[in-house]
Amino acid sequence: MKPLLFMNVSGKSVSKASRELGFSHSNIIIIHDDMQRELGKLSIKNGGSANGHNGIKSVIDHLKTDEFLRLRIGIGRPPSEIDDRSHDIVSNFVLSRIPPDEMEIYNNDVFPRCKDELFKTSINLG
């Protein structure tokens, strides 16, 4: 499902879908951006903190648990010549349009690897 709400409040949609469709939080996979990883790097995590990601905080708050799977996709950080710790810089960076050259990397490399990682993980989870 792709919520129509902003990522920072997407926990409402995830929680509602979980209740209405009758599935457990253990069957939820959240795919989200991760500035702590370089562009295109993938990692899968089950449970744990939100690591500062407001969308994940929202999901944790609404589900009342952190026990769900996350596929984190590295987006890198703002250009180093900018103070990339300020709220405005970070917000503008994560909400800006993806440049065409980066979008090509996502479409041709990252997204196919996401599918492969999720498939492998689903096999391992049984």
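1. A salt bridge here is a side-chain nitrogen of Lys or Arg within 4 Å of a carboxyl oxygen of Asp or Glu. Lys120 and Glu117 meet that rule, with their closest N and O atoms 3.0 Å apart. The model is a predicted one. The two residues are three places apart in helix H4, so about one helical turn separates them. Lys120 is partly exposed, at 45% relative accessible area. Glu117 is partly exposed too, at 26%.

2. The whole structure holds four salt bridges by this search. Another of them joins Arg113 to Asp109, with the closest N and O atoms 3.2 Å apart. These residues are four apart in helix H4, which spans residues 100-125, so again about one helical turn lies between them. Arg113 is partly exposed at 30% relative accessible area. Asp109 is partly exposed as well, at 35%.

3. Lys16 pairs with Glu20, and the closest N and O atoms are 4.0 Å apart. Check this one against the cut-off, which is within 4 Å. The residues are four apart in H1, about one helical turn. Lys16 is partly exposed, with a relative accessible area of 42%. Glu20 is exposed, at 59%.

4. Why does the spacing matter for these pairs? An α-helix has 3.6 residues a turn, so residues three or four places apart point the same way. Lys16 and Glu20 are four apart. Arg113 and Asp109 are also four apart. Lys120 and Glu117 are three apart.

5. Which residues of H1 are buried? They are Gly11, Ser13, Val14, Ser15, Ala17 and Ser18. Their cover includes S1 and H2. After H1 comes Gly22, with a positive phi near 70°.

6. H2 buries Gly55, Ile56, Ser58, Val59, Ile60 and Leu63. These residues pack against H1, S1 and S3. Just after H2, Lys64 takes a positive phi of about 65°. Lys64 is not a glycine. Its place is the loop between H2 and S3. Lys64 is exposed, because its relative accessibility is 72% and the class starts over 50%.

7. Asn51 is a further backbone point to inspect. Its phi is near 50°, a positive value in a residue other than glycine. Asn51 sits in the loop between strand S2 (42-46) and helix H2 (54-63). Asn51 counts as exposed, at 52% relative accessibility. The cut-off for that class is over 50%.

8. His32 belongs to strand S1, residues 29-34. Is His32 buried or exposed? His32 is buried, with a relative accessible area of 8%. Leaving out residues up to four places away in sequence, His32 touches Met7, His53, Ile56, Arg70, Leu71, Arg72 and Ile73. One of these contacts, Ile56, is among the buried residues of H2.

9. Arg70, a contact of His32, also lies over the face of Phe68. The distance to the ring centre is 4.4 Å. The cut-off for a charge over a ring is within 6 Å, with an angle within 35 degrees of the ring normal.

10. The count of aromatic pairs comes to one. The rings of Tyr106 and Phe111 have centres 5.7 Å apart and planes at 25°, so they are stacked. The cut-off for stacking is under 30 degrees. Tyr106 is buried, at 5% relative accessible area. Phe111 is partly exposed, at 38%.

11. Leu5, Phe6 and Val9 make up a nonpolar surface patch. Together they have about 310 Å² of accessible area. Val9 is in the segment before helix H1 (11-21). Val9 is partly exposed, with 34% relative accessible area. Patch members need over 30%.

12. Arg77 lies in the loop between strand S3 (69-74) and helix H3 (87-95). Arg77 is partly exposed, at 28% relative accessible area. How far is Arg77 from Leu118, and how many residues lie between them in sequence terms? The pair is 41 residues apart in sequence and 25 Å apart in space, C-alpha to C-alpha.

Terms used
Residues numbered from 1 in each chain as written. Predicted model: local features only at pLDDT ≥ 70, side-chain atom pairs only at ≥ 80, totals over all residues. Heavy atoms only, no water. Buried < 20%, exposed > 50% of the residue type's maximum accessible area, 1.4 Å probe, protein only. Contact = heavy atoms within 4.5 Å. Phe/Tyr/Trp six-rings, centres within 6.5 Å; stacked < 30°, edge-to-face > 60°. Patch = residues over 30% accessible without salt bridge, like charges linked within 9 Å, V, L, I, M, F, W, Y side chains within 5 Å. Areas by Shrake-Rupley, 256 points an atom, 1.4 Å probe, with all protein chains shown as cover.
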